[in-house]
Amino acid sequence: MATGDGAHHEGHQKAGKASFEHIYDLEDPREYFNTLGGLGYEAPRHGYEIFSALIGAIEEMRPAGEGLTVLDVCCSYGINGALLKYDIGLDDLYARYGSEEAARKTSAGLAADDREFYAARRRPGAPRVIGLDVAENAVAYGVSAGMLDAGVAENLEDHEPSGELQRLVSGVDLITVTGGVGYIGGKTFERLLDSLPEGRKPWIAVLALRWVDFGPLAELFARYGYVTEPLGGRTFEQRRFADTDEQEYVCEELSRMGVDPAGKESEGSYHAYFYLSRPADEAAGSRVEDLVDPGRV
Ligand SMILES: C[S@@+](CC[C@H](N)C(=O)[O-])C[C@H]1O[C@@H](n2cnc3c(N)ncnc32)[C@H](O)[C@@H]1O
């Protein structure tokens, strides 16, 4: 099958976007939460609302009681996993990892406490969440703390998936991405879809910044029999700009692309669109807005 064109790399590697690479692969998530919390990073909050609605919709199509598996791509320390699996919110995570108590712990001590913390908060019927990220330490933390049921550190932009990843994703029902498209593009999705067993067609749910041209990804998914729809009626605030230079850069880039930043990025934050890709037969009976109410998420 033909490859995605790689243009999506552009997304997060644009020159004027603040870089957070230094917090992506630490021994534990404290710095990640403290840094991104300081900028009001909200993508996992929106992700939780959207993904849990989709999980409900997928469950309705399946025999009752059948467990559901989510693959969170660009999972980092397992934030989306924690929100889907446990009865906690994003604010709880910011408070927990930003606390003075957390600051006094070693990474191993924090992970040990996390295991108890999460184990006591399991949501009934929670999905199994598998994480994929290039950041080895982050994935290892997520698995050790219980935010992820399993995880692998691989870069599918550059390499074919390992046997372990292929085995883990073989039963996946929903692929989720927050804050990741741009770092990953067509190549990652193509390799994932190619590695699935015949007939396995997970829904693909992506929050992507407004400067990501989703067209090439939608075309790639169409070649695998998917229909992609943007959620109409709203955008999702992702985080505040690090400074006015970043804001000016983003607003200029968007204008250059024909996306009007007025009332959105011009107010001080990145905004994202939500895209849902489903197999054509499953997409035929409903619109994305029937599954994810734009007024409620
Ligand atoms: C902004 S963070 C988003 C993390 C998480 N999804 C969230 O919303 O909090 C971007 C993540 O993409 C990961 N990443 C970057 N390049 C990647 C690649 N080629 N494959 C997988 N993950 C990648 C980074 O390590 C980082 O964890």
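Two residues are in contact, or touch, if their C-beta atoms, placed from the backbone, lie within 7 Å. The model is predicted: local features need pLDDT of at least 70, side-chain atom pairs count only at pLDDT 80 or more, and totals for chains, interfaces and linings use all residues. Residues are numbered from 1 along each chain as its sequence is written.

Q: Which residues does Ala205 touch, not counting residues up to four places away in sequence?
A: Ala205 and Leu54 have the most contacts inside the largest nonpolar core. Leaving aside residues up to four places away in sequence, the residues that Ala205 touches are Ile50, Phe51, Leu54, Leu174, Ile175, Thr176 and Leu276.

Q: Is Tyr48 buried or exposed?
A: Tyr48 is found in helix α2; helices (H or I, at least four residues) and strands (E, at least two) are DSSP runs, numbered from the N terminus. A residue is buried if 20 or more other C-beta atoms lie within 10 Å of its own, exposed if 12 or fewer, and partly exposed in between, with C-beta atoms placed from the backbone. Because Tyr48 has 21 C-beta neighbours inside 10 Å, this residue counts as buried.

Q: How far apart in space are Tyr48 and Ala82, C-alpha to C-alpha?
A: Not counting residues up to four places away in sequence, Tyr48 touches Leu83 and Leu84. In sequence, Tyr48 and Ala82 are 34 residues apart. In space, their C-alpha to C-alpha separation is 9.6 Å.

Q: Which residues come nearest to the ligand?
A: There are 20 residues around the ligand, where a residue counts as near if its C-beta atom, placed from the backbone, lies within 6 Å. Helices α2 (43–61) and α3 (79–85) each supply at least two residues of this shell. Those that come nearest are Cys74, Ser76, Thr178, Gly179 and Tyr183.

Q: What positive phi does Ser76 have?
A: Ser76 lies in the loop between β1 and α3, and Cys74 has its place in the loop between β1 (69–73) and α3. Ser76 is buried because 26 other C-beta atoms lie within 10 Å. Cys74, although not a glycine, has a positive phi of about 65°. Ser76 is not a glycine either, yet its positive phi is about 55°.

Conventions
Core = buried A, V, L, I, M, F, W, Y, C linked by C-beta atoms within 7 Å.
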